[in-house]
Amino acid sequence: MSDATSSSSPRTDDASTDAPNLLDGVVTRSTGSWYEVQVGDRTIPSRVRGKFRLEQQEADQTNPVAVGDRVTIRINEDDDTGFIIDIHERETKLSRRAAGRRAGQEHVIVANVDFAWAVQAVRMPKLNPGFIDRFLISADMFDVPAGIILNKIDLLDEADAEEIEDIAEMYDELGYPVLRTSATEETGIEDLRDRLENKISVVAGPSGAGKSSLLNAIEPGLDVETGEVSEKTEKGKHTTTFAELHPISGGGFIVDTPGIREFGILELHPADLAHFFVEFVPYLDDCKFQDCTHDHEPGCAVKDAVDRGEIHARRYESYLNILYSLQEGEEGIGR
Ligand SMILES: Nc1nc2c(ncn2[C@@H]2O[C@H](COP(=O)(O)OP(=O)(O)OP(=O)(O)O)[C@@H](O)[C@H]2O)c(=O)[nH]1
Ligand SMILES: [Mg+2]
Ligand SMILES: [Zn+2]
């Protein structure tokens, strides 16, 4: 980890540049047209240059500037707003496939992120293992280490406890950190706080899973808005509408994001999918057919490993689900 990550500002090396009116800062919030840029203790509302919009359209991206981006702004002294004139090279990023109107485009969730947490409630809303697997694959594609937060463990009833524990142990054995938390009862918060220290982390998950509540539990002073989950539909109300980077007093930053139902994977060829299931990798050279998709083919070493209980059936089912959606062009870019 570089020195800059442990400073009080998220990896802006220096708040001032040589030229007058030019400042370096970090984007802490993005609404699509306005960006909040933090320069030292100041937050400067800024706009973005048209050039970046064009570049972004050419690159098939939905957003020219993402939260976490380090930028250079020119200050307009009349109204103290900024104009983003340069976006510094990103060390890392986490992106997903956009849905809806921009379907298929790349949506950059956060730039310069050190760790990504998939947040799922154990219920209300119902846990979605497909989200977790797509999230882990995507983080791996971008070389961002990832883990899983299972929130609302206070709501866990006996009927579900075994299944949830099975899922938690499965990911744990695969080497992903799994945290069991309750934002309302403040369970597991100390552990989470330790893991966020001195780095930039992001939380992503469905609306109502408790992402913003977890932030408030970690850092009560933040007072981030939270919303209810409908008893009837078990869905959240999409309370958080823009990604935002928040400072943590122990050092480090956490990026809260709007709820998303699914985490669409970008640009992945179906043939490459198995490589992102870490526990499949040792078997991949032993399949009878070199181009085995580990679906219907005879002599498949992955399927044999599933039969022997060496690969969890749950993960294999998830693999097939994602494989089919990639083959049908429901995920990936430009297909
Ligand atoms: N019982 C219980 N309720 C929780 C817990 N964490 C959050 N909640 C409740 O779940 C609801 C949704 O919480 P939010 O923090 O707004 O969820 P979010 O993930 O930020 O949702 P969006 O901003 O819509 O994406 C609120 O009513 C919270 O009080 C928890 O650990 N246990
Ligand atoms: Mg929220
Ligand atoms: Zn195979």
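A residue counts as buried when its relative accessible area is under 20%. Cys287, at 9% relative accessibility, is therefore buried. Cys287 is one of the zinc ligands in this predicted model.

**Zinc site**

- The zinc ion (ligand 3) is held by Cys287 (SG), Cys292 (SG), His294 (ND1) and Cys300 (SG).
- Cys287 and Cys300 link distant parts of the chain, 13 residues apart. Both sit in the loop between β13 (253–256) and α6 (301–307).
- The donor residues follow the spacing C-x4-C-x1-H-x5-C in sequence.
- The arrangement is tetrahedral because the angles subtended by the four donor atoms are 103 to 115°. For four tetrahedral donors the ideal angle is 109.5 degrees.
- Cys300 has a relative accessible area of 1%, so Cys300 is buried.

**Magnesium site**

- The magnesium ion (ligand 2) is coordinated by Ser212 (OG) and Thr240 (OG1). The distances are 2.0 to 2.1 Å.
- These two residues are 28 apart and join distant parts of the chain. Ser212 belongs to helix α5, while Thr240 lies in the loop between α5 and β12 (244–247).
- Ser212 is buried, at 7% relative accessible area. Thr240 also counts as buried, at 16% relative accessibility.

**Largest pocket**

- Domain 1 (3–87) and domain 2 (93–256) each supply at least three residues to the lining of the largest pocket.
- By class, this lining holds 14 nonpolar, nine polar and three charged residues.

**Second largest pocket**

- The volume of the second largest pocket is about 400 Å³.
- There are 29 residues in the lining of the second largest pocket. Lys152, Gly208, Gly210, Ser213 and Gly227 lie nearest its centre.
- Helix α5 (residues 211–218) provides the largest share, five residues. Ser212, a magnesium donor, is also in helix α5.
- The lining of the second largest pocket divides into 17 polar, six nonpolar and six charged residues.

**Backbone features**

- The peptide bond from Met124 to Pro125 is cis, with omega near -5°. Pro125 is in the loop between β8 (115–121) and α2 (129–141).
- Asp80 is not a glycine, yet its phi is positive, near 60°. The residue falls in the loop between β4 (70–76) and β5 (81–87). Asp80 is partly exposed, with 43% relative accessible area.
- Asn198 likewise has a positive phi, about 60°, without being a glycine. Asn198 occupies the loop between α4 (189–196) and β11 (200–204). At 28% relative accessibility, Asn198 counts as partly exposed.

Conventions. Residues are numbered from 1 along each chain as its sequence is written. Chains are lettered from A and ligands numbered from 1 in the order in which they are written. This is a predicted model: local features need pLDDT of at least 70, side-chain atom pairs count only at pLDDT 80 or more; totals for chains, interfaces and linings use all residues. Side-chain values use heavy atoms; hydrogens and water are left out. Ala, Val, Leu, Ile, Met, Phe, Trp, Tyr, Cys and Pro count as nonpolar, Asp, Glu, Lys and Arg as charged, and the others, Gly among them, as polar. Domain bounds come from an automatic or database domain assignment. On a 1 Å grid over the protein atoms alone, a cavity is a set of points where a 1.4 Å probe fits but cannot get out, and a pocket is an open set with protein on both sides within 12 Å along at least five of seven lines; lining residues have an atom within 4 Å of a point. Grid points are joined across faces, edges and corners, and a volume is the space filled by probe spheres set on the points. Helices (H or I, at least four residues) and strands (E, at least two) are DSSP runs, numbered from the N terminus. Donors are N, O and S atoms within 2.8 Å of the metal (3.2 Å for Na, K and Ca); water is not among the atoms, so sites may look incomplete. Buried means under 20% relative accessible area, exposed over 50%, partly exposed in between (1.4 Å probe, protein chains only). Four donors count as tetrahedral if all angles lie between 85 and 135 degrees; four count as square planar and six as octahedral if opposite donors are over 155 degrees apart and all others between 65 and 115; anything else is irregular.
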